[in-house]
Amino acid sequence: METPIPTRQLFIDGEWKPPILSNRIPIINPSTQQVVGDIPAATKEDVDAAVAAARRALNRNKGNDWPSASGAHRARYLRAIAAKVVERKDHLAKLESLDCGKPLDEAAWDMDDVAGCFEFYADLAEKLDAKQKAPVSLPMETFKSYVLKEPIGVVGLITPWNYPLLMATWKVAPALAAGCAAILKPSELASVTCLELADICKEVGLPPGVLNILTGFGPDAGAPLASHPDVDKIAFTGSSATGSKVMTAAAQLVKPVSLELGGKSPIIVFEDVDLDKAAEWTLFGCFWTNGQICSATSRLIVHESIAAKFLDTLVKWAKNIKISDPFEEGCRLGPVVSEGQYEKILKFISNAKSEGATILTGGSRPEHLKNGFFIEPTIITDVTTSMQIWKEEVFGPVLCVKTFSTEEEALDLAHDTIYGLGAAVISNDLERCDRVSKAFKAGIVWINCSQPCFTQAPWGGTKRSGFGRELGEWGLDNYLSVKQVTQYISNDPWGWYQSPSKL
């Protein structure tokens with residue numbers, strides 16, 4: 001029996017409020033292509049209301065209710081949210097799978113990470129108290145100086161559809177831990193669990209306006225949020241094209257932004273590997289989350305001496321992946337999120353073929369699935385560096401392959417991209433792995449694996465993959481402003497100007 005999707009409104013100032021223009025967006029189950037519910041569609045008017053609510057939350061009781069309260073005070077709310085996520089884990093996972101098409105086992109794993117992320121930032125919120133007034137060593141004994149870390153203020157958080165609740169949490173948890181008030185704008189393609197987060201916040205009694213959640217289209221809700229004069233910072237995860245627009249809007253007001261954007265990440269496989277272990281990590285690195293992951297290691301660079309055997313092994317592993325409705329036991333590849341994404345990915349595959357590449361396996365709809373946005377795991381060979389499939393982010397279960405003969409050639413191929421989010425190397429020679437890791441031009445490097453992500457470690461990219469880091473202590477720093485306080489402590493006058501009394 002299909003999990004019913006709750007009917008929700010926008011979450012503004014601690015209350016459910018219908019969108020001012022009363023518009024709603026249909027929710028389409030990507031496994032069946034059927035409409036299974038709808039979400040409210042916010043517009044500029046709703047953004048204005050949410051920003052005003054966030055500003056009131058910061059100013060209430062002269063800030064003592066939230067931004068100026070102790071980190072321990074805020075941590076109690078974060079832990080309460082984490083506990084509710086654990087309590088509702090099964091239901092949230094089902095809603096996530098229904099909404100974006102990811103296998104149910106993956107969605108359940110995501111919910112564990114959501115709860116863990118709120119717990120982690122609760123700990124950091126408490127530790128923040130002890131870090132206040134950290135002394136600065138000065139060269140003059142007549143002064144003392146210290147640093148205050150203060151919340152940036154009202155923050156706009158714009159998040160994607162591939163990890164709907166988890167990507168939102170990566171921003172919401174540190175923003176609240178820092179003492180900010182936030183407006184979350186999730187993707188219109190998958191917002192259901194973010195609205196359930198609003199319900200959890202309401203249940204735990206989060207102060208009104210501290211977190212506001214607006215679902216809606218990017219141009220109607222995301223754009224006015226990015227350009228709003230009373231928003232102090234924007235944090236965005238999504239495509240590089242949209243990230244550029246967000247940055248442009250924020251620049252008009254000299255507003256800080258952090259951007260986690262697209263990628264076309266390489267995975268280099270050397271000749272000394274165990275073929276099966278390397279094959280599984282290579283496929284996991286590209287086909288996890290139905291291939292819809294910004295850090296996907298979607299460019300395989302394999303040593304020419306093992307290429308034939310390794311590709312044969314990859315094909316056997318790929319054909320063994322269970323493609324099905326996400327709710328089926330053992331599903332490891334569900335549908336992509338929408339018809340638009342489905343058609344875009346098939347166009348990438350078609351273009352690769354017309355440019356002279358070979359579709360080694362996959363490339364179309366699985367024969368046993370007549371409905372839904374399903375695409376077989378696809379491996380493409382005979383690729384040249386001028387091809388679209390090599391250069392552009394597909395955001396689907398598509399792996400392209402090139403061979404190399406020397407380490408230098410492998411690195412040249414790895415660096416042949418405008419992106420710099422992730423990179424992976426697989427080899428039994430750990431000295432070589434260390435050398436290659438240092439040479440990679442990327443924000444995240446994996447050795448003998450691909451895609452593991454931990455709340456404690458920094459996440460973010462270089463080049464057109466964006467800037468700024470999420471997760472770990474770096475994630476909290478995203479939402480803190482550093483204030484220097486310096487005091488003159490000598491009893492003597494400063495003595496720079498001649499005193500009028502001594503003339």
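Start by selecting Arg79: setting aside neighbours within four places in sequence, its contacts are Glu119, Ala122, Asp123 and Glu126, where contact means heavy atoms within 4.5 Å. Before you click on, note that this is a predicted model, in which local features need pLDDT of at least 70 and side-chain atom pairs count only at pLDDT 80 or more, while totals for chains, interfaces and linings use all residues. Residues are numbered from 1 along each chain as its sequence is written, and side-chain values use heavy atoms, with hydrogens and water left out.

**Stop 1: Arg79 and its helix**

Arg79 sits in helix H2. Helices (H or I, at least four residues) and strands (E, at least two) are DSSP runs, numbered from the N terminus. With a relative accessible area of 25%, Arg79 is partly exposed; buried means under 20%, exposed over 50%, and partly exposed in between, using a 1.4 Å probe and protein chains only.

**Stop 2: H2 against H4**

Colour H2 (residues 71-87) and H4 (residues 104-131). Their axes come within 8 Å and cross at roughly 170°. The axes are lines fitted to C-alpha atoms, for helices over the stretch in contact, and the angles run from 0 to 180 degrees between N-to-C directions. That makes H2 roughly antiparallel to H4; the label applies to angles over 145 degrees, with under 35 counted as roughly parallel, 65 to 115 as roughly perpendicular and the rest as oblique.

Show side chains along this contact. From H2, look for residues including Leu78, Arg79, Ile81 and Val85, and from H4 for residues including Phe118, Glu119, Tyr121 and Ala122. By class, the contact has 15 nonpolar, one polar and six charged residues. Here Ala, Val, Leu, Ile, Met, Phe, Trp, Tyr, Cys and Pro count as nonpolar, Asp, Glu, Lys and Arg as charged, and the others, Gly among them, as polar.

**Stop 3: Tyr121 and the core**

Which residues have the most contacts inside the largest nonpolar core? They are Tyr121, Val269 and Leu300, in a core of 131 residues. H4 gives the most to this core, with 12 residues. A nonpolar core is a set of buried Ala, Val, Leu, Ile, Met, Phe, Trp, Tyr and Cys residues joined through side-chain atoms within 4.5 Å. In soluble globular proteins, nonpolar side chains tend to be buried together.

Zoom in on Tyr121. Not counting residues up to four places away in sequence, Tyr121 touches Leu78, Ala173, Pro174, Ala177, Thr455, Leu471, Gly472, Gly475 and Leu476. For a separate, second core, of 31 residues, select Phe348, Ile380, Ile389 and Val394, which are among its members.

**Stop 4: Leu471**

Stay with one of those Tyr121 neighbours, Leu471. Leu471 lies in the loop between strand E21 (466-467) and helix H15 (472-477). Is Leu471 buried or exposed? Leu471 is buried, at a relative accessible area of 0%. Check its backbone too: Leu471 has a positive phi of about 70°, although it is not a glycine.

Compare Lys62, in the loop between H1 and H2. Lys62 is also not a glycine and has a positive phi, of about 55°, but Lys62 is exposed, with a relative accessible area of 78%.

**Stop 5**

Back in H2, select Tyr77. Tyr77 is buried, with a relative accessible area of 18%. Beyond four places in sequence, Tyr77 touches Trp66, Val204, Gly205, Leu206 and Pro207. Tyr77 and Leu206 are 129 residues apart along the chain, yet their C-alpha atoms are separated by 6.5 Å.

**Last stop: Asp13**

Finish at Asp13, in the loop between strand E1 (10-12) and strand E2 (15-17). Asp13 is buried, with a relative accessible area of 18%. Leaving aside neighbours within four places in sequence, Asp13 is in contact with Ala53, Arg56, Arg60, Pro208, Gly209 and Asn212.
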